[in-house]
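I set down here, in order, what I looked up in this structure.

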Amino acid sequence: MAASLFLSQSPIATSTPRSSPSISLLPSPQTIKFPSPHSNFRYDLSIAISHALPRAATIIPRATASPSSAAPSTTAFHGRCYVVGDNIDTDQIIPAEYLTLVPSNPSEYEKLGSYALIGLPSSYSTRFVEPDETKTKYSIIIAGDNFGCGSSREHAPVALGASGAVAVVAESYARIFFRNSVATGEIYPLESEIRICDECKTGDVVTIELGKSRLINHTTGKEYKLKPIGDAGPVIEAGGIFAYARKTGMIPSQTK
């Protein structure tokens with residue numbers, strides 16, 4: 001079942017460096033529907049923006065590792081995958097000690113990426129980002145159930161995006177991580193039809209084709225069906241909620 005982003009008719013003010021329209025009234029209510037791991041999930045965009053404003057300076061739109069095409073039907077990602085298991089929480093994705101880093105600062109954004117998934121237990125012998133590096137060589141993460149559980153920190157998808165990852169393919173997601181991934185536009189949270197993490201290994205070369213909703217593992221020769229990303233795709237591709245709202249005229253375009 002599709003979830004909804006509902007834009008209520010209410011004034012929205014912002015003072016962030018990257019999103020600075022003046023106080024304005026949104027047009028008539030609009031609804032954005034997209035798949036969610038929770039069928040009863042309803043996401044009020046006006047509330048999301050108002051809640052994000054006090055800490056919006058800590059989030060910036062995705063600037064690197066963009067899709068291979070702007071057309072949703074042909075967007076694809078290709079690279080090596082990093083495989084994790086179930087219940088990877090936000091403290092494993094980015095430990096709390098690194099939350100003082102401010103992503104709106106380019107150098108701190110880069111440093112945040114260098115710590116992505118550093119909280120994984122020692123049983124993960126391969127580091128997602130090598131020591132003394134700021135970018136990962138694994139552009140796609142394949143996970144099990146309940147990826148992104150734990151706290152609501154927006155730094156989790158931001159850290160993955162800053163590291164150079166472009167997508168997570170998981171069996172299921174914690175609702176807040178899924179929401180934050182779409183809101184920040186940092187990473188595509190894709191759901192698999194089956195438990196792919198048991199059939200892939202870290203280092204396998206894979207391709208994700210969004211238009212066909214499939215993942216191809218070139219190392220094993222297997223293909224897997226993914227659940228469609230739906231209308232969340234254009235929001236992520238635009239760079240997140242603010243960028244998408246400006247692009248579609250839901251809020252005034254940023255003025256210089």
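**Entry 1**

I began with Ser114, which counts as buried because its relative accessibility is 14%, and the cut-off for buried is under 20%. I note at once that the model is a predicted one. I located Ser114 in helix H3. Leaving aside residues up to four places away in sequence, I found that Ser114 touches Val129, Glu133 and Thr134.

I then listed the buried residues of H3, which are Tyr109, Leu112, Gly113 and Ser114. I asked which helix the buried residues of H3 pack against. They pack against H4.

**Entry 1: H3 against H4**

A pair of packed helices is described by the angle between the two axes and by the distance between them. I looked up both values for helix H3, residues 106-114, and H4: the axes come within 7 Å and cross at roughly 95°. Angles of 65 to 115 degrees count as roughly perpendicular, and H3 and H4 are therefore roughly perpendicular to each other.

Next I recorded which residues make the contact. From H3 they are Tyr109, Leu112 and Gly113, and from H4 they are His155, Val158, Ala159, Gly161, Ala162 and Ser163. How do the residues of this contact divide into nonpolar, polar and charged? I recorded five nonpolar, four polar and no charged residues.

**Entry 2: Aromatic pairs**

I turned to the aromatic rings and noted a count of nine aromatic pairs. One of them joins Phe147 and Phe177, with 5.2 Å centre to centre and 85° between the planes, an edge-to-face arrangement.

Most residues other than glycine have a negative phi.

Asn87 lies in the loop between strand S6 (76-83) and helix H2 (90-93). Is Asn87 buried, partly exposed or exposed? Asn87 counts as partly exposed, because its relative accessibility is 43%.

I placed Leu117 in the loop between H3 and S7. Leu117 is buried, since its relative accessible area is 4%.

**Entry 3: The chain as a whole**

What share of the 256 residues is buried? Buried residues make up 50%.

The accessible surface comes to about 11,500 Å², and 51% of this surface belongs to carbon and sulfur atoms. Finally, I looked up the contacts between residues at least 6 apart in sequence, of which 71% join residues at least 24 apart.

Definitions and conventions: Residues numbered from 1 in each chain as written. Predicted model: local features only at pLDDT ≥ 70, side-chain atom pairs only at ≥ 80, totals over all residues. Heavy atoms only, no water. Buried < 20%, exposed > 50% of the residue type's maximum accessible area, 1.4 Å probe, protein only. Contact = heavy atoms within 4.5 Å. Areas by Shrake-Rupley, 256 points an atom, 1.4 Å probe, with all protein chains shown as cover. Phe/Tyr/Trp six-rings, centres within 6.5 Å; stacked < 30°, edge-to-face > 60°. Axes fitted to C-alpha atoms, helices over the stretch in contact; angles between N-to-C directions. Helix = DSSP H or I, 4+ residues; strand = E, 2+ residues; numbered from the N terminus. Parallel < 35°, antiparallel > 145°, perpendicular 65-115°, else oblique. Nonpolar A, V, L, I, M, F, W, Y, C, P; charged D, E, K, R; others polar.
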